[in-house]
Amino acid sequence: MLPRRLYESLPSIYLGGGSLLLLLDHRPLIWGAGALLFGCGAMLWMMRSSYRRTDLVVYPLHRWISPEWLYEAQPFLLLGLAIALGQLEQGGWLALLIAGWALRCLWARHRHRHHTPGLVLQLKRSTLRRRHRLL
């Protein structure tokens, strides 16, 4: 079993390691490994965030243009775009601007979402109790 601090930082480690591989080398195999590591970190981050969310109110009127998964993946897609633009000689400032906006989106989501472990456990227990009553 991994220590809690290491377990909680795994998505950030995957994202950082994948970004580093994408920025340092231009060989296709290394670039593919970096993209895979970056994608796994993004998926892990989104899965943990959606699993731990306690504010499960869905506002369908606000999301009529894009599906929820695309909204959740937006900061990571923007970070990937910033990394790709960072490879170009002329795209330095634009890459920094896009990366800053993506990090701001992640910060805002972290700040406004509620991830209360105690409430999640209560919700799981109450659904298990309801299932057993029905059987």
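**Entry 1: contacts and overall layout**

I began with contacts, meaning heavy atoms within 4.5 Å. Among those in the protein chain between residues at least 6 apart in sequence, 65% join residues at least 24 apart. A note to myself: this is a predicted model, where local features need pLDDT of at least 70 and side-chain atom pairs count only at pLDDT 80 or more, while totals for chains, interfaces and linings use all residues. Residues are numbered from 1 along each chain as its sequence is written, and side-chain values use heavy atoms, with hydrogens and water left out.

Next I looked up the elements, where helices are DSSP runs of H or I with at least four residues and strands are runs of E with at least two, numbered from the N terminus. I found five helices and zero strands in the protein chain.

**Entry 2: inside and outside**

I sorted residues by relative accessible area (buried under 20%, exposed over 50%, partly exposed in between; 1.4 Å probe, protein chains only). Of the 135 residues of the protein chain, 26% are buried.

**Entry 3: an aromatic pair**

How many aromatic pairs are there? I counted one, using ring centres within 6.5 Å for Phe, Tyr and Trp (its six-membered ring), with planes under 30 degrees apart called stacked, over 60 edge-to-face and the rest tilted. Trp45 and Phe76 form an edge-to-face pair, 5.7 Å centre to centre with 65 degrees between the planes. Trp45 sits in helix α2 and Phe76 in helix α3, 31 residues apart. Phe76 is buried at 4%, whereas Trp45 is partly exposed at 32%.

**Entry 4: charges**

I found one salt bridge, which needs a side-chain nitrogen of Lys or Arg within 4 Å of a carboxyl oxygen of Asp or Glu. Asp25 and Arg27 form a salt bridge, with their closest N and O atoms 2.7 Å apart. Asp25 counts as buried at 19%, while Arg27 is exposed at 54%.
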